[in-house]
Amino acid sequence: MRDADGAERALLAFLESNAEISNSEAFARDLGVDHELLAGTIKSLHGFGFIEAKDVRRESWELTEEGLVYSRNGSPEVQVFDAVPAGGISREDLQRKLDDSVFSIGFRKAMSNKWLETKPLVSRKVLKVEDVVKQQLLDIKDGKNLSAADIDALKKRKLIVPKVWKAYSITKGANYAPTRTKAATEVTREMLLKETWSEVAFKPYNFQALGQPTEGGHLHPLLKVRTKFRQIFLEMGFEEMPTNNFVESSFWNFDALFQPQQHPARDSHDTFFLKSPCKTQTFPEDYLERVKTIHEQGGFGSIGYMYDWKREEAEKNVLRTHTTAVSSRMLYKLAQDGFVPKRYFSIDRVFRNEAVDRTHLAEFHQIEGLICDKGLTLGDLIGVLNDFFSRLGMKKLRFKPAYNPYTEPSMEIFSYHEQLNKWVEVGNSGMFRPEMLLPMGLPDDVSVIAWGLSLERPTMILYGIDNIRDLFGHKVDLKLIKSNPICRLGM
Amino acid sequence: MPTVSVARELLHTMLGRVYTQEEFDELCFVIGIELDDVTTEKAIIRKEKHLQENEADEDEEVIYKIEVPANRYDLLCPEGICRQLRIFLRVEKMPTYRLSRLPDSSILKMIVKPETAVIRPFVVCAILRGITFDQARYASFIDLQDRLHQNICRKRTLVAIGTHDLDTLQGPFTYEALPPSEIKFIPLKQAQEFTAKELMEFYKSDLKLKKFLHIIEDSPVFPVIYDSNRTVLSLPPIINGAHSAISLNTKNVLIECTATDLTKAKIVLNTMVAMFSGYCDEKFEVEPVDVVDPVGRVTRCPDLSLRTMDVDLSYIKKSIGVPLQAGEIVDLLSKMQLTSKEIDGDKIQVFIPPTRSDILHPCDVMEDVAVAYGFNNIPKTRPKTSTEGRQQPLNEFSDLLRLELAMAGFSEVLNWVLVSKKENFTLLNRKDDEKIAAIVSNPRSSDFEVLRTSLLPGILKVMEHSKDVPRPVKVFEISDVVLLDPSKDVGAANSRHLAALYCSTTSGFEIIHGLLDRIMNVLNVPVDGYTVEPSNEPELFKGRQAKIFYKGSCVGSFGIIHPQVLKNFDIPDPCSYVEMEIERFL
């Protein structure tokens, strides 16, 4: 057996005195090397132009497992014939002498060949038979050619199957030489030391192929967009709120926001309630009393909702349905600590007990911004929204009146989408109601303008993802994380 | 937001001109309703029956589906939408809803029995006399009740509406609460008599009605309304009697609203009569009913009087940021169904009609001024608020660590906080000791049962779905887990965790150990500043796991994932894992 180098030398030497190798497979057989191994050498030599290799497809035949058995043991019909003694034998005894499959195939075949007869003992009708099938199978094994009719018969008996051989026909190539010196692919330290770099032949570089993939880790696409939003808020002078509290009481999530206790958002169809810890028991009691009053009877110029407000409802723990629950805690704290103007933002998880589909999950990230100051106007809100969204590349905005229990006025934000050629909703905004702010103890000339949007939606639009599960959660495609471009929102 | 179907033809007739779809869309946008869908009656039926969408016939009536704000109950029917649009476009003036003048003696009475207090204490009524129905009006009358029931009535729990052909009844009426077996009548759409007890059984198989049964089911007495001949008008909030059923030919309609919330009952009744009194012989006139409570107090209803609210002009101007004159404001408000007049002291007095129950505070009036002025006509300004940007230290810290992990060759994943109990415990060879995990009481499916107490289940699920990703796989996550914490007002607290996993044909324990060393290195913890001690955690492999100690307390652990856990998550290759809390390194 030769190795690859030996095969290469033999091949090049052969071509030196011969014009062509018509079949690499036969050549390999003669050489005594595995054709697979030779094929590698051929491809490499072809690549460097030493030889010119053309594909040759050849169909040959191969024994099936059954065929292989018969090539060793003889065909079943002959085995059956041989098992019949000169004096005849009962069918049952004959069957007992042989394998079931040998008997059933062989007996039928021997009968139709008219080698045997039953009268009623099974006995020989001819003296001697020749095992043609066995011989044919052996011939196939040796790669000999058979007549089409014989091939057909064997194929029908499922003793042989076709096998496609891929081989090569080989002639000298443009760079033919009886031996090859390997072309270099890299400049090496050795070449520099020995200054051989100018003499070495370099393999042409395939510029059509991709380079080697880089190693290293990758950041999650959604969080890359979060980083961008954080930067925008920070650049605009906003301070981040601490939002690392997913479990919240209904009081801070709803009641403090003047969201009535019968509001559909407080339904179990929309909100996750907690079994453990099921309720909150400590509240700022004087504030809680003011919230109760504003819901039940109004105050601060409001008529309130005029219903019986229940503490038990406020105590119920939920997974916060919006980060505005945090805003309400922050604004209350601001009122207690003494009011100073603030710009606050947060980007964190919120939870909705809604049906999940291609665009909705039970949890998502809410982006929220708010400004708290004396004398803020609706014009200020429109102005700050234009500033904010233009940093995301959305320069054309318009606003639609909307309803939200804790903002008045409430405005849905629409942006003109150049590609879709239409206005798309990009967020919600408004001024917090006095019924929310004044019970907290904020001065009555303080207004809060605020807006919110989801992080997932702009990210899906930005990266062209149409199923939210491809982006967020365990069904994410790690390839997507690897191949995801940098976030250039607004750049 | 609720959606109301309005025939396009009707809209055009009511608005006095033909609008293109774009024009109508624009009009909706300005006023804060939304053209949600354009369809036809037949298309809706086809859709309901899941039939093939055929070519629509040319002559099919086009229906606009319009979304309206959830607090504008008057917009829950085509009548209300058309009226608001006509008033906004100044095609129509604000109507004055009024009670018909009748001598006290001829006013019908509804006498409330004390027993109703235990189950559904309130009832309010009104009569629409001389009403003319046609197909469309009748359908709208029924639809409005459905929509009110769905929205403000909270699926009939707070308020239930019954409407009756008054000519089949004989006042005065009584509102009572009786044991179910004593109430017997033929309900709507049935031919035979049932006791209320039988009815509750009977309706258990009724798709529409079965969801209302719970409201009274467990009460020893059921609310019921009788006329003076002991004819049952209704068994609220379930069903009306067949006897007084209204039809296209009904001329005089009695509306009763029974409730557990009186404020909302009044709003519902006002909405019904304001919308449909326009079809009465005396337009916008409503005949009152006297409700006599158990102690004999008489309340005449409905109350259609205008509520007044004094609003500072300066408040409106300062809030919107546009220097409007009093006259302009009065004019703008008239487009929003609010009449008003300038009064002394730089104020206006606003008269709020019974249809505008959404006006609670001057801010609602201010908003209507802004809407009528046009949000998109308000000049942009910049708040003068001067502040500094600032990050939450924990988030800034987390972001720096995220970069370090990515630079160390790990890719970031982001998993859900909600997981199943099985994923959080059983599949990790752990048991819920009920001392660490916050549990959801109403999850829609088992996927959302518990708040993760570690990042491990999410990361293992990522690996379960990444079988065909070439090895090695290196992933990390820095996110919050939630743990029970009695020291917090809500009883639970987030904790920021860092987790990383290595998965390949070999477990790579040393790689994860090396990552831990690297993390400590970037946290500026010297090699002798932390220790690792062999541990025995059930989700990790024995002998190849350790706890991480920093300043005397355990901050996490690392190890080879236990083969049983890998099998539980159907992960074919070995994995090593580290998870630690990071807040104490801040």
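A salt bridge is a side-chain nitrogen of Lys or Arg within 4 Å of a carboxyl oxygen of Asp or Glu. With that rule in hand, chain B and chain A share eight salt bridges. This is a predicted model, where local features need pLDDT of at least 70, side-chain atom pairs count only at pLDDT 80 or more, and totals for chains, interfaces and linings use all residues. Residues are numbered from 1 along each chain as its sequence is written, chains are lettered from A and ligands numbered from 1 in the order in which they are written, and side-chain values use heavy atoms, leaving out hydrogens and water.

**Where chain B meets chain A**

- Chain B brings 96 residues to the contact and chain A brings 104, where contact means heavy atoms within 4.5 Å.
- About 8100 Å² is buried between the two chains, with carbon and sulfur atoms giving 56%; buried area is the accessible area (1.4 Å probe) that two parts lose on being put together, summed over both.
- Look for F29(B), L414(B) and W416(B), which supply 10% of the area that chain B buries against chain A, more than any other three residues.
- One salt bridge to find joins the side chains of E26(B) and R398(A), at 3.0 Å from N to O.
- Strand β24 (residues 473–484) of chain B gives the most to the side of chain B that touches chain A, with eight residues; strands here are DSSP runs of E, at least two residues long, and helices are runs of H or I, at least four, numbered from the N terminus.

**Strands that pair across the chains**

- Strand β8 (residues 274–276) of chain A and strand β22 (residues 439–440) of chain B run antiparallel and are joined by two bridges; strands pair if DSSP finds at least two bridges between them.
- Within this pairing, L274(A) stands opposite V440(B).

**Inside chain B**

- Chain B is assigned domain 1 (3–89), domain 2 (98–301), domain 3 (307–373) and domain 4 (393–585), with bounds from an automatic or database domain assignment.
- The C-alpha centres of domain 1 and domain 2 of chain B lie 29 Å apart.
- Their contact takes eleven residues from domain 1 of chain B and 14 from domain 2 of chain B.
- The area buried between these two domains of chain B is about 1000 Å², and carbon and sulfur atoms give 62% of that.
- On the domain 1 side, Y73(B), L76(B) and E79(B) lose the most area to domain 2 of chain B, together 55% of what that side buries.
- Between domain 1 and domain 2 of chain B, the rule finds zero salt bridges.
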